[in-house]
Amino acid sequence: MSQNNNSNKKRISFSELLKDNRFILAISFVVSLVLWMWVAIEKSPEIQRVISDVPVQINLENSVPQQLGLEVFGNSEFTIDVTVKGKKYVTSSLNADDIVVTANTNYVDSSGVKTLQLKVSQKESNSEYEITSYSSNYIEVYFDTYKEVELPIDGKIETDLKSFVPDGCIVGDTVLSKNTVLISGPATEVNKITSIDAVINIEKTLDKTTTFDPVFKVVTNDGSTPEYIKMETAESDITVTVPVLKEVVLPTVIDFRNAPSYFIKNPLEYTIYPSSVKVAVPVDMLDTVTEFVVGTVDFSDISGSVNTFNFELNQINSAYKVTDADVTKFTVKIDASQMVSRTISVPFSNFTINHTRDDFEVAINQDKNITVKLVGLESDIENVTADDLTIIVDTTELELSESVTSIPGHVSVMGEQPCWAVGTYNLSVIVKAN
């Protein structure tokens, strides 16, 4: 009996649903949607549509140009427009990712601008649309081998002024913060370049040495402008300094190296020819530059006689330019003929090493005394003993390798003794890498 009641309730409920407007509305919506989809798919019209900016793929991996060492320079990102035809519901949803455009590099076998034919296809096979045309059948691409070279930079001044320094002043050679630059790019273009000009424009009078930020110009052997090159530095890293100099006459002097403390306080007398020289000095340093150093004399090269040293002008490392046209060298005479000499044996216990490096260990490898020649004042030289002398080997700046070798040592006179050692004295040492 209860089962029959439940069955009647279900039938009554469904009948009631048919009388419910909301149920009828829902059923109508579903049926309409199905009908619309059927019409859209089966009865949809065919249309043509242009898909814009489809990227062109230039794949060089394992390609002919890659095997020949050729690379793409310049523009390597190309796009074309592709026209497709098919059902509207299909074509309306297509975008650039659904189309594959590849460039054929099989015939690229030399450098230069090459015409690459394009192949256009569907990313996924779809019979409901077809590719009917595209905006270009080819692209032009520049191929070449890669090359890099370090080239000199030349500082160049451009100005419309008759003179851009005050009267009585001259312009020194331009000074660059960096003298070379690394240039890279296609070999054909790089090979044309001879140098890089760092050009500055001076528009007003310079009253002191001035530094400028240059504009760079590439100089080629045929006057052309090279393409696709890269300068491996920021332009802000390179500056051009224009020295504004004034000519002054300065006395000439020498520096001494390895001078005993006595002769630091009581320098040896010497003469230089010429005793003075005309020098171009930066105008902002006129108050601080009082002499011109022609060179350095080591005390170990001064014997007990009249010593002559010549310093060629073109070998003098000075920040100031000599402007005397007749001066080509400086002759220095040091008269030590009033000094006397004697020999003295320095015990190996007085040998020492000035070594501060961590990459090598250096040890004295001899137990024999070394006889050295002393030169000094007659009144004091006989009072010098072996305990006043030390032979020092300095390895700080030397190129070292594991070996047993001989290194020149410097004889140091302790205290205020008025004498020095003449000559070079080699010590045997053992060099071991750490």
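Aromatic pairs, in which the ring centres of Phe, Tyr or Trp (its six-membered ring) lie within 6.5 Å, number 8 in this structure. The structure is a predicted model, in which local features need pLDDT of at least 70 and side-chain atom pairs count only at pLDDT 80 or more, while totals for chains, interfaces and linings use all residues. Residues are numbered from 1 along each chain as its sequence is written, and side-chain values use heavy atoms, with hydrogens and water left out.

A pair of aromatic rings is described by the distance of the centres and the angle of the planes. Y142 and Y228 form a tilted pair, with 5.1 Å from centre to centre and 35° between the planes; planes under 30 degrees apart count as stacked, those over 60 as edge-to-face and the rest as tilted. This pair links distant parts of the chain, since Y142 belongs to strand β7 (residues 138–159) and Y228 to the loop between β13 (215–220) and β14 (230–231), 86 residues apart. Strands (E, at least two residues) and helices (H or I, at least four) are DSSP runs numbered from the N terminus. Y142 counts as buried because its relative accessibility is 10%, whereas Y228, at 36%, counts as partly exposed; buried means under 20% relative accessible area, exposed over 50% and partly exposed in between, for a 1.4 Å probe and protein chains only.

A tilted pair is also formed by F263 and F299, at 5.6 Å centre to centre and 40° between the planes. F263 lies in helix α6 (residues 261–265) and F299 in the loop between β19 (292–298) and β20, so the pair ties together parts that are 36 residues apart in sequence.

The pairing of β24 with β27 (residues 389–394) is parallel and extends over 4 bridges, with N354 opposite D394.

The largest pocket has a volume of about 280 Å³. A pocket is an open set of points on a 1 Å grid where a 1.4 Å probe fits, with protein on both sides within 12 Å along at least five of seven lines, and lining residues have an atom within 4 Å of a point. Of its 18 lining residues, N258, D298, S300, H410 and V411 are the closest to the centre of the largest pocket. Strand β28 gives the most to this lining, with 6 residues, and β28 (403–413) and β29 (419–422) each supply at least two. By class, the lining of the largest pocket comprises 9 nonpolar, 7 polar and 2 charged residues, with Gly counted as polar. The second largest pocket holds about 190 Å³ of space, and its lining includes D173, P243, M285, Y320 and K321.

Note on methods. Points joined across faces, edges and corners; volume = space filled by probe spheres on them. Pairing = 2+ DSSP bridges.
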